[in-house]
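Dear colleague,

I am handing over the structure below, and my notes on it follow. Please read them with the model open beside you.

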Amino acid sequence: MSAHHRVYLVSCVSQKTPYPNRAGDLYVSPLFRKARAYVLKSGSPWFILSAEHGLVHPDDVLDPYEKTLNNMRAAERRAWAEKVQYQMETMLPDADEIVLFAGQRYREYIESWLRRRFASVQVPMRGLQIGKQLQWLSENEPC
């Protein structure tokens with residue numbers, strides 16, 4: 001019988017260090033930092049959903065960039081989602097549960113695929129504004 005494997009996916013943010021950095025340290029917004037602290041405390045593997053690079057391991061070194069899914073056309077977002085799906089097939093450990101800390105634009109073309117691919121997909125902060133997401137991350141402990 002295999003062990004339960006949860007993987008967290010955290011979306012990138014626009015606030016970044018002005019110099020190349022490990023992806024886990026490149027993004028500096030309060031929301032990203034709180035999400036990173038949460039997933040690190042969980043002890044589970046995690047990856048970043050980057051608008052520029054797709055699925056990124058937190059130890060990968062990246063240059064700062066300005067790309068965001070929020071101003072991409074639907075066709076570009078679909079192409080990004082296909083790239084991410086391919087990367088997940090090759091990069092993710094044998095996960096059976098995915099927890100998404102990502103906004104609607106980052107989930108829109110991958111969430112249904114994730115639900116078909118993995119046994120469980122959770123979006124614990126779905127529909128919450130940023131202030132409420134920060135509150136949720138402060139008030140909840142990783143399982």
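Which residues in H3 are buried? Taking buried to mean under 20% relative accessible area, exposed over 50% and partly exposed in between (1.4 Å probe, protein chains only), they are Arg77, Trp80, Ala81, Val84, Gln85, Gln87 and Met88. Seen down the axis of H3, these buried residues fall within an arc of 165° (taken from the directions from the helix axis to the C-beta atoms), so they line one face of the helix. The face turned away from that buried side carries the exposed residues Ala75, Glu82, Tyr86 and Thr90. Helices (H or I, at least four residues) and strands (E, at least two) are DSSP runs, numbered from the N terminus.

This is a predicted model, in which local features need pLDDT of at least 70 and side-chain atom pairs count only at pLDDT 80 or more, while totals for chains, interfaces and linings use all residues. Residues are numbered from 1 along each chain as its sequence is written, and side-chain values use heavy atoms, with hydrogens and water left out.

The structure also holds ten salt bridges (a side-chain nitrogen of Lys or Arg within 4 Å of a carboxyl oxygen of Asp or Glu). In one of them the side chains of Lys41 and Glu141 meet at 2.8 Å, N to O, and this pair links distant parts of the chain, with Lys41 in helix H2 and Glu141 in the segment after helix H6 (130-139), 100 residues apart. Lys41 is exposed, at 56% relative accessibility, and Glu141 is exposed too, with a relative accessible area of 51%. Elsewhere, Arg22, Asp25, Arg36 and Asp59 are linked in a network of salt bridges.
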